[in-house]
Structures are given as structure tokens and as C-alpha cells.
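Student: Could you take me through a close look at one part of this model, step by step? I'd like to learn how to read a helix and its surroundings.

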Amino acid sequence: MASTSPVFLRLMANAVAVANHAGNIIREVMSKGDLGIVEKGVNDPQTEADRRAQQCIIGNLNKKFPLMSIIGEEDLAQETNVELVSDIDKEVLNLRCPEELVNVTEEDFVVWVDPLDGTAEYTAGMLDHVTVLIGIAHKNRPVGGVIHQPYYNYKNDKAGLGRTMWGIPGIGVGGFKPIPPPEGKRLVVTTRSHMTPVVQQALEALKPDEILRVGGAGYKVMLLMEGHATAYVFASPGCKKWDTCAPEAILTAMGGRLTDIHGTPYSYASTEMHPNKRGVLAAAKSDDHKWFVENIPDEVKQLVQGS
Ligand SMILES: Nc1ncnc2c1ncn2[C@@H]1O[C@H](COP(=O)(O)OS(=O)(=O)O)[C@@H](OP(=O)(O)O)[C@H]1O
Ligand SMILES: [Mg+2]
Ligand SMILES: [Mg+2]
Ligand SMILES: [Mg+2]
């Protein structure tokens, strides 16, 4: 079965396994206590966990899919002697493959990797905000996504610590139960640490019942997936393709949408620039997404055009 599975399913099943392994690395670095923090820029830390998790994810995917483009957040020379992850997720391997991906070969996929999303929160001990993101794109669009949350349940006696969620548009999602947001309420999730006057202006115009400020694109989208928020609104550049590719795939698979603040999808081609310069707007329900696109003021849209 495995040897005849489409490349796409083998890739997804390996992505789940390496994301789990990256989660082990992230917890191990934290438990050893020396995070090895390097400041890449203002308010942009990198830790030993970011570095080792990326080496593990890209090293393993490279070994198994040597012809595929893989783009990771951290600017590192790839080590060749990374620890081999031999498991593969059997449930994902045995899923139905989307018809249009059955015969696609590895050269035609592009993988976007954020080895640790929410680094600032990781260093500050806000551990549930931390995720590992692996997004798979084909013909510029996200076709599969994996989000691993290494500290899921960490406040809960460590019962069942960590979880992995996946989504394949046209097929479905796994590892969590999609929950719709509460009817008749507008709950907006946005940045915790990158507030600007324009981000604020957009939020005020939307008149939310509540604003949730959390770290990381992965965690914000998880709040949408499980009904804790109606929309993720970030009217600013700053987010990158590796932040949004996996979350977009999962949201799309459950009927939601992730675009720029104008309502236009991003392209995930390997030649694409990394920053999402036109901001981020996401919702678990496409009707909600439409309402938010229509209600972000034109003045804000003009200020976040990516030029
Ligand atoms: N230059 C710049 N300007 C404005 N905002 C920025 C910038 N760089 C990163 N960000 C925002 O910072 C958050 C964390 O960034 P990353 O996801 O890239 O970092 S990491 O994966 O945690 O390392 C993430 O969102 P928040 O967590 O919502 O603040 C990014 O959207
Ligand atoms: Mg970073
Ligand atoms: Mg990130
Ligand atoms: Mg990161």
C-alpha cells in the first residue's frame, strides 16, 4: 500500500510525523533551560528550538523528497546528518487523495515550514501559543497543511501533551473537531505584540464584541478552527508565507478562507517573496470572511497595499 500511495499522501503522512518530532525537540530545548536566543531583528528572536526543529523537518523531508522545494523561516545551512524520523502517520497515508494530486510528482510541490511559530511567546512562557507549521502548495495554492501544538494540554496535568491537526481541501481535517464560532457575536483575534495605528483603526471600524490578542499565526487560526474567534484580522505586513500556508490549507478544508485584507488569496509559488505584505484576513466561515472584507475601511486597504 505505502509504496504505491500517491506522493502527496506520503508527503502529508511524513509531515505529520516530522512535525511531532519537532514538537519533541521544542519541549526538550525548553526543559533543558538554555534557549540559546539570538535576536534576528527588533522583536524577532530565534532560539535553539527554532534552529533544531527546522533542521529536523527540512533534513527529513529533503531525504525523502530530494527534488522538492522546501522553504523554511530560519536562514540556516542545512545539516545532512539530522536524526532520521522513521515513522509515518498511517491514518493520513491511507486517506483518499484529491483526484488532481494523484499523479503529481515531488518536483511540483512547494513546502513552507515555520519550525516554531510564536517564538516570542515560547521565550515568555506562553506555551500554548507555540505551533509547528508545515504547508504544502501545488500550482501556487495550499493543498495540505499540518499544525502541531507541542504544549496542548500542558496546564492539564500533562495528560495527552501535544496534538497534531491536519487539513486537505476537498478531503477534510483531522486531529481536532471543527467548531463554528458563536452566532451573533463578532470575536476578532489579532496580534499580541505588533500593534500599529492602522491595525487598531481596522479593528475599531469592525466594532468587535471582543478582541483576543495572541501570538503566532498558527495559534490565531487554531482559535478560528475551534470556535473561539470569528475572524483573524491583521492589517499590516509582517506575517510570512510559512505562517499562513498550513493554516490556510486547514481552514479551506473546513470551509473557511484566509486571504490578504483585500480578500485576495496569496500565491505560494517557490519564487514568491516571503512577506505577506497585504496583511491577513481569515475566518472559519466564508460568509464571515466576506463580511470582514467588505467592512475593513477603504482607507485601511489603501494603506496596506503591499507597495
Ligand atoms: N516586521 C514586522 N512587522 C509587523 N509584524 C511582524 C513583523 N515581523 C513579524 N511580525 C509579526 O510578529 C509575529 C511573530 O512573527 P513570526 O510568525 O514571523 O515569528 S515566529 O514564527 O514566531 O518566529 C506574527 O504575528 P503576531 O504574533 O500576531 O504579532 C507576525 O505577523
Ligand atoms: Mg521567527
Ligand atoms: Mg511564524
Ligand atoms: Mg517561526
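Tutor: Happy to! A helix here is a DSSP run of H or I with at least four residues, and helices are numbered from the N terminus. Keep in mind that this is a predicted model. Helix 7 covers residues 241-253, and its 13 residues should span 18 Å at 1.5 Å a residue, which agrees with the 18 Å between its end C-alpha atoms. Because 13 of its 13 residues are buried, helix 7 is largely enclosed by the rest of the structure.

Helix 2 runs over residues 48-64, and its 17 residues reach 24 Å from first C-alpha to last, close to the 24 Å expected. Its buried residues include Ala49, Asp50, Arg52, Ala53 and Cys56. Among the elements covering the buried residues of helix 2 are helix 1 (7-32), strand 4 (109-117) and strand 5 (131-138).

Let's stay with helix 1. Two packed helices are described by the angle between their axes and the distance between the axes. The axes of helix 1 and helix 2 come within 9 Å and cross at roughly 155°. The two helices are therefore roughly antiparallel to each other, and their crossing is right-handed. Helix 1 brings residues including Val18, Ala22 and Ile25 to the contact, while helix 2 brings, among others, Ala53, Cys56 and Ile57. By class, this contact has 11 nonpolar, three polar and three charged residues.

Technical notes:
Residues are numbered from 1 along each chain as its sequence is written. Chains are lettered from A and ligands numbered from 1 in the order in which they are written. This is a predicted model: local features need pLDDT of at least 70, side-chain atom pairs count only at pLDDT 80 or more; totals for chains, interfaces and linings use all residues. The expected span of a helix is 1.5 Å times one less than its number of residues. A residue is buried if 20 or more other C-beta atoms lie within 10 Å of its own, exposed if 12 or fewer, and partly exposed in between; C-beta atoms are placed from the backbone. Two residues are in contact if their C-beta atoms, placed from the backbone, lie within 7 Å. Axes are lines fitted to C-alpha atoms, for helices over the stretch in contact, and angles run from 0 to 180 degrees between N-to-C directions. Angles under 35 degrees count as roughly parallel, over 145 as roughly antiparallel, 65 to 115 as roughly perpendicular and the rest as oblique. A crossing is left-handed if the near helix is turned anticlockwise from the far one by less than a right angle, and right-handed if clockwise. Ala, Val, Leu, Ile, Met, Phe, Trp, Tyr, Cys and Pro count as nonpolar, Asp, Glu, Lys and Arg as charged, and the others, Gly among them, as polar.
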